[in-house]
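Me: I want to check the labels on this model. Please set each value against its cut-off.

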Amino acid sequence: MIFVLFAILTTYIVSIFLLIYGFFKVKKYQKTDLKPQTSFTIIIPFRNEKENLPNLLNSISNLNYPTDLFEVILVDDSSIEKFQLSIVNYQLSIIDNIRVSNSPKKDAITTAIQHVKTDWVITTDADCIVPENWLLTFDNFIQENKIAMVAGAVSYECENSFLDHFQQLDLTSLQGATIGSFGLNKGFMCNGANFAYKKTLFQSLNGFDGNDKIASGDDVFLLQKAIEMFPDEVHYLKAHEAIVLTKPAENWKSLFHQRVRWAAKTSSYKSMFGKFLGIIVFFGNLSLVIAFFLFIFGIMGYPFLVLSAFLKFAVDFVLLSITNKFLTKTRIKSLLLSSLFYPFFSSAVALYSLFGSYEWKDRRFRS
């Protein structure tokens, strides 16, 4: 048993070191003040977000980008209380979602695409805030590179609580893995809260055909299809000025269901690297949980448990530190407590995602 756990841990450590290497391979990008040329349509699917949407729309009003080069389409996915459009300094429209699949968000984007007149689409979520140079940074990056799809970074706007600190570290690990995989030319993950692509690319990929039975994944499945067909035209934008801020989950139940929703997609990945990494991360965390209970029941001595926990903590700390420095430029909080709790939380999420269901926007979905 100890040999098996050690083999899993070794594979995990090697995998994380590869992601660290990949992270540094992706160069930081700084906008070069090129004259804006790219036309964008910002697509924002929403459901019952009347408290969050004004903040997002206000941040869009503050964008440092010509208003004639972008427009915003809000897609209402059967909100109980209808959102009233406010007066803004850019073109803004609201349409109703046309449901045709098991995925409300994919349907919302597909519905909006029919109304897009610009060359590029960029998606974000209703509970986000975009930085003032968001579109300008994307535009400069697009002008300087021959690309058709760009993934950007997402971070949390946190309060001073353990729940928020835990979520920030969890998201930081996901962002680190995302950037690292792009650096290894094995990109398989992104976040729909900061994701841009050409309208013509979406059409050439036949949109979400093939994975519309899965409720989530409007981002990763489209990314993986694009990388499979046009690997050289899919890039990651590692730019601090393009990081979108979003809200953390309000309680542990919401967080658990959100992470189950994210985990449920893994088995349907086209990317073999993504599947492999998901399995290794799962077993890496599960091995620590098993070692802990073996120690509790007196089957295993504490030296192996302590050594395993230390080695995993050390390699995780390196990836978390470099990613956190890029995302927030602030120190990591609640690291030790989060690291001790995370293997149990992550293992529970992964196991539950195989058999359970989850809630999303007041709806229940099967994993």
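Me: Which residues make the nonpolar surface patch?

Reply: W252, F292, F293, F295, I296, F297, I299, Y302, V306, F341 and F344 make the patch, of about 1100 Å². α9 (272-296), α10 (302-327) and α11 (335-355) each give two or more residues. The largest share, 4 residues, comes from α9. The model is predicted: local features need pLDDT of at least 70, side-chain atom pairs count only at 80 or more, and totals for chains, interfaces and linings use all residues. Residues are numbered from 1 along each chain as its sequence is written, and side-chain values use heavy atoms, without hydrogens and water.

Me: Why is W252 called partly exposed?

Reply: Its relative accessible area is 34%. Buried means under 20%, exposed over 50%, and partly exposed in between, with a 1.4 Å probe and protein chains only. So W252 is partly exposed. W252 is in helix α8 (residues 252-263).

Me: What lines the largest cavity?

Reply: L5, L9, S287, L288, A291, F304 and S308 line it. A cavity is a set of points on a 1 Å grid over the protein atoms alone where a 1.4 Å probe fits but cannot get out; lining residues have an atom within 4 Å of a point. The volume is about 40 Å³. α9 supplies the largest share of the lining, 3 residues.

Me: How many residues of that lining are nonpolar, polar and charged?

Reply: The lining has 5 nonpolar, 2 polar and no charged residues. Ala, Val, Leu, Ile, Met, Phe, Trp, Tyr, Cys and Pro count as nonpolar, Asp, Glu, Lys and Arg as charged, and the others, Gly among them, as polar.

Key: Patch = residues over 30% accessible without salt bridge, like charges linked within 9 Å, V, L, I, M, F, W, Y side chains within 5 Å. Areas by Shrake-Rupley, 256 points an atom, 1.4 Å probe, with all protein chains shown as cover. Salt bridge = Lys/Arg side-chain N within 4 Å of Asp/Glu carboxyl O. 1 Å grid on protein atoms, 1.4 Å probe; cavity = no way out; pocket = protein on both sides within 12 Å on 5 of 7 lines; lining within 4 Å. Points joined across faces, edges and corners; volume = space filled by probe spheres on them.
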